[in-house]
Amino acid sequence: MMKIFLYLYLLFIVLTPLEAINEMDSLLTHLEATMAQRDQFDQKKENRISQLKELAHKNNNNLEQIFFINNQLIEEYLTYTLDSALHFINENINISKKLNNIRLTHQNNIKLANIMASSGRLFEAFEILNSINKKELNDPLLIDYYKAFIKTYNELSFYAPLSSNYHKYYSKVEAYTDSLIPYLNQNSDDYLSILEKKYRDDRNLLECKKINTQRLSKTKMGNRLYSQITFERSLLYQLEKDEEMQMKYLILSATSDIQSSVKDNASLTVLALLLHKKGDIDRSHEFIKFSFDDASFFNSELRFKVISEILPVITEAYEHKTEKQQRKLQTSLMAISALLLLLLIAIFFIHRQLATLRLTQKELKNINSKLNKLNLNLAESNKKLNQANDQLSESNHVKENYIGNFLSICSNYIDKMDQMNKKVSKKITSRKIEELLAETKSNKLIDKEVKEFYKNFDDAFLHIFPNFVNELNALLRTEEQIILKSEERLNTELRIFALIRLGINDSAQIAKLLRYSVNTIYNYRVKVKNKALGNRENFEQQVMTIDAVKD
């Protein structure tokens with residue numbers, strides 16, 4: 001039992017790092033795929049901005065409506081393009097002055113101070129905030145006012161070169177935070193963010209993670225808040241010196257930034273530094289270039305300054321790796337060249353030895369080619385001969401049957417003529433001329449002989465083509481198929497197409513044989529063809545393919 005437990009424990013130790021590596025590779029691959037789709041995400045952002053601008057330029061908009069639309073444009077531009085965000089904030093400040101609305105003026109001044117702080121223009125941010133009369137602010141604006149001071153002093157403390165200055169500025173952060181907390185809902189993200197930061201500063205990382213997890217559960221990938229919370233989560237793992245988990249949350253934050261078209265971002269830059277440290281120079285260089293492009297688009301001096309300190313380090317490592325790879329490539333090319341020379345010498349001697357064999361193979365190939373052509377010709381000839389034999393066999397079969405029937409019918413008609421001759425002679429001898437004349441005027445004899453002719457034709461034809469009725473019906477639509485009466489073997493329509501199958505295609509000849517007018521025969525043909533299942537023009541050709549039964 002102890003051995004089994006030990007085995008499972010060792011297996012767990014081996015597999016856990018492998019799962020972590022697979023997860024990290026998967027996350028990095030997904031991030032790179034998202035980076036490749038940057039233009040698509042940015043296009044969605046541009047579409048929203050275009051719609052808002054079209055809405056703003058409507059002629060019937062008043063100043064309050066333009067102000068409201070501009071606020072939405074500011075939110076879109078705030079992390080996308082700094083200059084455009086500044087433009088619409090200044091426009092809204094002017095509108096608020098025209099409206100003589102001090103609350104709206106303060107609202108936009110606070111936004112302007114936030115942008116100044118984000119872009120590194122801290123003294124301008126302080127100048128704007130200090131110009132605001134705090135007594136004129138309602139609770140929501142007071143929250144934004146204190147948050148702007150906290151952000152500005154945070155940035156100032158972060159970049160303070162002296163420790164004494166850092167503590168001085170950070171004490172201001174704490175003071176404004178204490179002023180802010182009474183105005184916040186304890187379930188709001190602002191409150192939870194402050195609480196998380198307090199735990200982080202006190203190094204109470206367990207409670208800090210709980211708060212971060214609570215905040216993360218209220219948002220999702222693809223928005224600015226998710227990017228911020230996952231970035232702050234990476235800071236916790238940085239304090240724990242867990243680089244794998246730090247990278248995981250930096251990747252999630254960077255992915256969310258790209259999906260939400262946030263150009264003022266830090267996650268990808270920090271991730272590039274970590275990858276550089278781990279020796280993944282290619283990805284590190286790719287990510288820092290991507291960050292540089294975003295910073296250029298956003299046009300923030302502060303972000304440029306941060307990236308400009310990192311970019312040369314990563315670029316130098318990338319160039320060093322590229323040079324090293326080039327040297328390896330040159331060495332490999334020299335070795336390959338030497339091997340190629342030896343190979344060419346070997347090929348030369350082998351070529352000489354195989355020259356005779358190639359000639360022989362060529363001759364053999366020509367002979368085989370001729371034999372193949374002869375075999376193909378022979379096969380084609382056999383095929384044509386078989387087809388001709390089949391056609392001849394069928395033709396002979398039809399002729400044999402019809403010759404037999406023809407001789408039988410001729411013999412019957414000779415007997416009938418002999419009987420008629422005797423009957424006429426007897427009548428004349430008996431002087432029953434009027435009776436004889438009456439019989440000759442009657443159609444009974446002709447009708448009887450026509451019926452006899454039809455019966456003989458039907459029997460003879462169906463003897464050779466016993467499946468003709470079913471196969472012809474198969475060429476017709478289901479609802480249009482020919483149904484024979486119980487005493488019928490063929491009807492007029494079937495006899496017409498039976499004669500066509502026998503090669504008698506002329507309507508005049510068919511009319512003469514069946515004792516109908518040519519117009520009647522033509523109408524029957526058209527009527528049946530119109531019932532065809534497929535193309536009516538090919539119907540009679542399909543009838544010609546109906547096979548006879550071979551003996």
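Is Y153 buried or exposed? In this predicted model, Y153 counts as buried, with a relative accessibility of 12%, a value that falls under the 20% limit used for burial. Leaving aside residues up to four places away in sequence, Y153 touches F126, Y169, K172, V173 and Y176. Together with Y145, Y153 touches the most other members of the largest nonpolar core, which comprises 46 residues. The elements that contribute two or more residues to this core are α2 (38–56), α3 (63–77), α4 (82–98), α5 (102–118), α6 (122–130), α7, α8 and α9 (189–201). Of these, α7 gives the most, with 10 residues.

The aromatic residues of this region were examined next. The structure holds 19 aromatic pairs, one of which is formed by Y153 and Y176 in a stacked arrangement, with 6.0 Å from centre to centre and 20 degrees between the planes. Because Y153 lies in helix α7 (residues 139–158) and Y176 in helix α8 (residues 163–180), this pair ties together parts that are 23 residues apart in sequence. Y153 and Y176 also belong to one aromatic cluster, whose other members are F126, Y145, Y146, F149 and Y183.

A second, separate core of 31 residues includes Y454, V469, I496 and I521. One of these residues, I496, lies in helix α19, where it is buried along with T492, E493, L494, R495, F497, A498, L499, I500 and R501. Helix α19 (residues 492–501) is accordingly described as mostly covered, with 10 of its 10 residues buried. The buried set includes charged residues, among them R495, and the charged end of R495 sits over the ring of Y454 at 4.4 Å from its centre. Y454 is itself one of the members of the second core. At the start of α19, a side-chain oxygen of N491 reaches to within 3.3 Å of the backbone nitrogen of E493, while the helix is followed by G503, whose phi is positive, near 100 degrees. Another charge placed over a ring is found at K263, whose charged end sits over the ring of F297, 5.4 Å from its centre.

Most residues other than glycine have a negative phi. In K241, by contrast, phi is positive, near 60 degrees, and in S261 phi is likewise positive, near 55 degrees. K241 is found in the loop between α11 (224–239) and α12 (243–259), whereas S261 lies in the loop between α12 and α13 (267–278). With regard to accessibility, K241 counts as exposed at 74%, whereas S261 counts as buried at 2%.

A548 and F465 are 83 residues apart in sequence, yet their C-alpha atoms are 4.7 Å apart in space. A548 is also buried, with a relative accessible area of 8%.

Technical notes:
Residues are numbered from 1 along each chain as its sequence is written. This is a predicted model: local features need pLDDT of at least 70, side-chain atom pairs count only at pLDDT 80 or more; totals for chains, interfaces and linings use all residues. Side-chain values use heavy atoms; hydrogens and water are left out. Rings of Phe, Tyr and Trp (its six-membered ring) pair if their centres lie within 6.5 Å; planes under 30 degrees apart count as stacked, over 60 as edge-to-face and the rest as tilted. Helices (H or I, at least four residues) and strands (E, at least two) are DSSP runs, numbered from the N terminus. Buried means under 20% relative accessible area, exposed over 50%, partly exposed in between (1.4 Å probe, protein chains only). A charge sits over a ring if NZ of Lys or CZ of Arg is within 6 Å of the ring centre and within 35 degrees of the ring normal. A polar contact is a pair of N or O atoms within 3.5 Å; within protein, one must be able to donate a hydrogen and the other to accept it, and residues adjacent in sequence count only if both atoms are side-chain atoms. A nonpolar core is a set of buried Ala, Val, Leu, Ile, Met, Phe, Trp, Tyr and Cys residues joined through side-chain atoms within 4.5 Å. Contact means heavy atoms within 4.5 Å.
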